[in-house]
Amino acid sequence: MAANVRATFLRIVLGAELTRLREQAGLTGDQAARSVGCAPSAISRVENGTSGFQRIEQFTKLLDAYKVPFEGQEVLTDWYRNAKADGWWGPSVSVLPSGMSLFLAFESGAKVVKACTPMVVNGLLQAERYARALIESARIADDRTLAFVESAVEVRMTRKKRITEEGMELVCIMDESAITNMVGSTQIMLEQYEEIERLAALPNVTVRIIPSSAPTYRVFGEFHVLDFDRKELPDPVVVASSTLDQGMECLSKPRPVKQFVRRFDILAQGALPAHETPAFLHRAAREVTR
């Protein structure tokens, strides 16, 4: 499974490198396509990391057109072969919101994720029963099946391995409403509080909460700022934002990225210090049992 995660991210990294090489060679997408003997859309898909060529010979021709030296061609060809595997979420693509597959590919390679979740507990911190109750609550409204619910829960639980097993750093800011909005039952909420406290104790996880009484800046949509810390990517930070109806949108242009980074920094100014999170969760637990 881990190999598939890396393979999918590698496909995106490879696409970014191919874009850089094409621009360095002074070629347009149309010119690159003619050198390979494919449609310009095929070049776009390869550069976006969404697919590969039908034949390895086309990839080799592309590297020749970009005048990549032999040693570089060996490395990139090895990347290409290993990047063709699907991500672990491939079989569950039908349960993912629009754009979520791309977001998961980025998340699979991120070193640091800064997340803001205003209404519900962030997906990386959700306990299994909480996740199931949350997804089940929208099943009828979204006209989904029980199988859809189970697949969606499985995807969410697998994502958590990025912080519990693979060491990805997570800095999460949640509004108090994300903690206090009832999902499922009192027992499920208590389990969720315990899960947040457990995960927040990990050295690579920081959880901060904005109290409802705090007179501070707030946002109404969930977003993640992902930092890859990899020289292969032209821009080391990508922002993924989501809305209920439009799914996930991945942004990489400097201006919107900087805007989301600034928003996160301002949200952090209004959040409680991380060391106060356990006490806040304990208070929430007492309130939910009254």
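These legends accompany several close-up views of a predicted model. Residues are numbered from 1 along each chain as its sequence is written, and side-chain values use heavy atoms, with hydrogens and water left out. Because the model is predicted, local features need pLDDT of at least 70 and side-chain atom pairs count only at pLDDT 80 or more, while totals for chains, interfaces and linings use all residues.

**Figure 1. The whole chain, to get your bearings.** The protein chain has 13 helices and six strands (DSSP runs numbered from the N terminus: helices are H or I with at least four residues, strands are E with at least two). Of its 290 residues, 49% count as buried (under 20% relative accessible area with a 1.4 Å probe, protein chains only; exposed is over 50%, and partly exposed lies in between). Among contacts (heavy atoms within 4.5 Å) between residues at least 6 apart in sequence, 72% join residues at least 24 apart.

**Figure 2. Phe59 and Tyr80 form a stacked aromatic pair.** Rings of Phe, Tyr and Trp (its six-membered ring) pair if their centres lie within 6.5 Å; planes under 30 degrees apart count as stacked, over 60 as edge-to-face and the rest as tilted. By this rule the count comes to two aromatic pairs. In the one shown here, Phe59 and Tyr80 are 4.3 Å apart centre to centre, with 15° between the planes. Phe59 belongs to helix α4 (residues 56-65) and Tyr80 to helix α5 (residues 70-83), so the pair ties together parts that are 21 residues apart in sequence. Both residues are buried.

**Figure 3. Strand β1 pairs with β2 and with β4.** Five of the six residues of β1 (residues 112-117) are buried. Strands count as paired if DSSP finds at least two bridges between them. With β2 (residues 169-175), β1 pairs in the parallel sense over six bridges, and Lys114 stands opposite Val171. With β4 (residues 222-227), β1 runs antiparallel, joined by five bridges; here Ala115 has His224 as its bridge partner.

**Figure 4. Lys160 is a buried lysine in a loop.** Look for Lys160 between α8 (146-159) and α9 (161-164). Its relative accessibility is 8%, so Lys160 counts as buried. The Lys160 side chain makes a polar contact of 2.3 Å with the side chain of Glu195 (a pair of N or O atoms within 3.5 Å; within protein, one must be able to donate a hydrogen and the other to accept it, and residues adjacent in sequence count only if both atoms are side-chain atoms). Leaving aside residues up to four places away in sequence, Lys160 touches residues including Gly123, Leu124, Arg198 and Leu199.
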